Amino acid sequence: MFSPNVNHIVEHPAAGYRKIFETVEELNEPLPTEVTGVLPSWLSGSLLRMGPGLFEVGAEPFHHLFDGQALIHKFDLREGHVTYHRRYIRSDAYVRAMAEKRVVITEFGTAAYPDPCKNIFSRFFTYFQGIEVTDNCLVNIYPIGEDFYAVTETNFITKVDPDSLETLKKVDLCDYLSVNGVTAHPHTDADGSVYNIGNCFGKNMSLAYNIIKIPPPQKDGSDPLKRSEVVVQLPSSERFKPSYVHSFGMTENHFVFVEQPVKINLLKFLSSWSLRGTNYMDCFESNEYIGTWFHVATRDPAAYLSSHKFRTSAFNVFHHINAYEDQGFIVVDLCTWKGSDFVYNYLYLANMRAEWDKVKESAMRAPQPEVRRYVLPLDIYREEQGKNLVSLSYTTATAVLRSDGTVWLEPEVLFSGPRQAFEFPQINYSRCSGKNYRYVYGLGLNHFIPDRIVKLNVRTKDTRLWQEEDSYPSEPLFIPTPEAIDEDDGVLLSIVVKPGAERPSFLLVLDARQMTELARASVNTIIPVTLHGTYKPRTP
């Protein structure tokens, strides 16, 4: 279905969305699909997706959307045929939970308790052994060199076989880099170099954010991780309270980091794990009064621009859309949520599985989503105090130098709808990452329930969407047509769940230009919610 209007509200009284938050079993072998429509002849490869698949262990439930045990999914496309496969990642968190029939390692919003079968002295000492960081890599999957890794936001990543979906090896990034964790959204250069950001402790317990680089595949076949390095360090505005960071921006010549007012209280994090029932969510706090800071660093040579202090009002940000340079400015496009109230507070499974009226009621209390454009001037002169420094003709975003030397930013709103979020953004990455662009594709969240796929023209603010009754899509991945001339010449791939259908899940293939359906590959199984993923083209 196609409609040019993205702002109308669709109701979901049947609450079919609950099915995407239910436990499923893994598959012993790939399932065939029923293909309707016409798949592009050039589309040959694998769509790999990560998400939670196990929402309880024995009698113990996981409480948060980001707690369920990691399930890797694969739709394999070959010569017009499509198969579907899935397997659980054999993380320590999963293996031990299966062995002990309980939650063994604390997850994002679910605390692990000591084994009740142990005696009181064993349980007492367990409380004071400190945190055991989860390796439940349910958020994303991406290549490093020739290998593929499932990731979350801790220091652990998991090497997987993209063909068999077998778990190969757990990797601790702390063995190679000075980071306490990295985001699940790295950037990849044309040469295959992977950049990411994570927080770290320096001398005297000083806190900072390190941008790291993992080099491209090595000619000698060695592991690129062994040659990874910190390229630049960015300061934290608070010594013991790093901001939560989920992604960052990278242009041709700069890195952009948004330090948001959602903070991790490290003193609470380090001290409270001895208290029964504490989890990661308990250690977040918000500070509306400090607002939001934009930090900029150059790439070559790598250096933090300490003289450029950009501020704006408080907002949450999880996903950067794109950033690029134009006429002495850095343009930064973001999916934001107004205010400092942490959006993850509204993603507990009890909220997501509630009756539709309760889902809407909860979402009404949450921050309002907006797609925003911020413009950061690189040339700042004292005599321009109080004046809008932005001279780009195509944006209403402003930047004003204040007497304290900071530059106050006000955004241009590219998309806004009441309780209608544009999230999980994807662009024509190989062509447009770090460059001026026109189109972004996203998952439309209706009161946090994913029920549409949206195409946004960031220049005109026009929108197009795909939507089907009682259907729940996932993040749309853009795959360009070979030899494409236009930016939007390609297809979008999304996993859609339609609970009432005979085959309740399907891979949707959309024409990215018109947002019309080309084909779908339906499978006779429910597929739970997926978060992020990648497309692995088949090599000749």
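Predicted model: local features only at pLDDT ≥ 70, side-chain atom pairs only at ≥ 80, totals over all residues.

Trainee: Which way do S23 and S28 run, and how many bridges join them?

Mentor: They run parallel. Two bridges join S23, residues 310-312, to S28, residues 407-410.

Trainee: And how does S27 pair with S28, parallel or antiparallel?

Mentor: Antiparallel, over four bridges. S27 covers residues 398-401. Ala 399 in that pairing stands opposite Leu 409 in S28.

Trainee: What sits between the strands in the hairpin of S27 and S28?

Mentor: Five residues. Look at Gly 405 in that hairpin: Gly 405 takes a positive phi near 90 degrees.

Trainee: Now the open sheet. What is its strand order?

Mentor: S24-S25-S26-S29, four strands with antiparallel pairing. The edge strands are S24 (315-326) and S29 (412-415), each pairing on one side only. Neighbouring strands of this sheet are turned by 30 degrees against each other on average, direction ignored.

Trainee: How many bridges hold S24 and S25 as a pair?

Mentor: The antiparallel pairing of S24 with S25 (residues 329-338) runs over 10 bridges. Within that pairing, His 319 stands opposite Cys 335 in S25.

Trainee: Speaking of cysteines, how many disulfides are there?

Mentor: Zero, by the sulfur-distance rule.

Trainee: How far is Cys 174 from the nearest cysteine sulfur?

Mentor: 10 Å, and that sulfur belongs to Cys 200. The cut-off for a disulfide is 2.5 Å. Cys 200 is in no disulfide either, and its nearest cysteine sulfur is that of Cys 174.

Trainee: Buried or exposed, what is Cys 200?

Mentor: Cys 200 counts as buried, at 2% relative accessibility. Cys 174 is partly exposed, with a relative accessible area of 35%.

Trainee: Change of topic. Where does Val 24 lie?

Mentor: In the loop between S1 (2-3) and S2 (31-32).

Trainee: What does Val 24 touch, leaving out residues up to four places away in sequence?

Mentor: Gly 53, Leu 71, Arg 86, Tyr 88, Ile 526 and Pro 528.

Trainee: And what separates Val 24 from Gln 368?

Mentor: 32 Å between their C-alpha atoms. Along the chain, Val 24 and Gln 368 are 344 residues apart.

Terms used
Residues numbered from 1 in each chain as written. Heavy atoms only, no water. Pairing = 2+ DSSP bridges. Axes fitted to C-alpha atoms, helices over the stretch in contact; angles between N-to-C directions. Buried < 20%, exposed > 50% of the residue type's maximum accessible area, 1.4 Å probe, protein only. Contact = heavy atoms within 4.5 Å.
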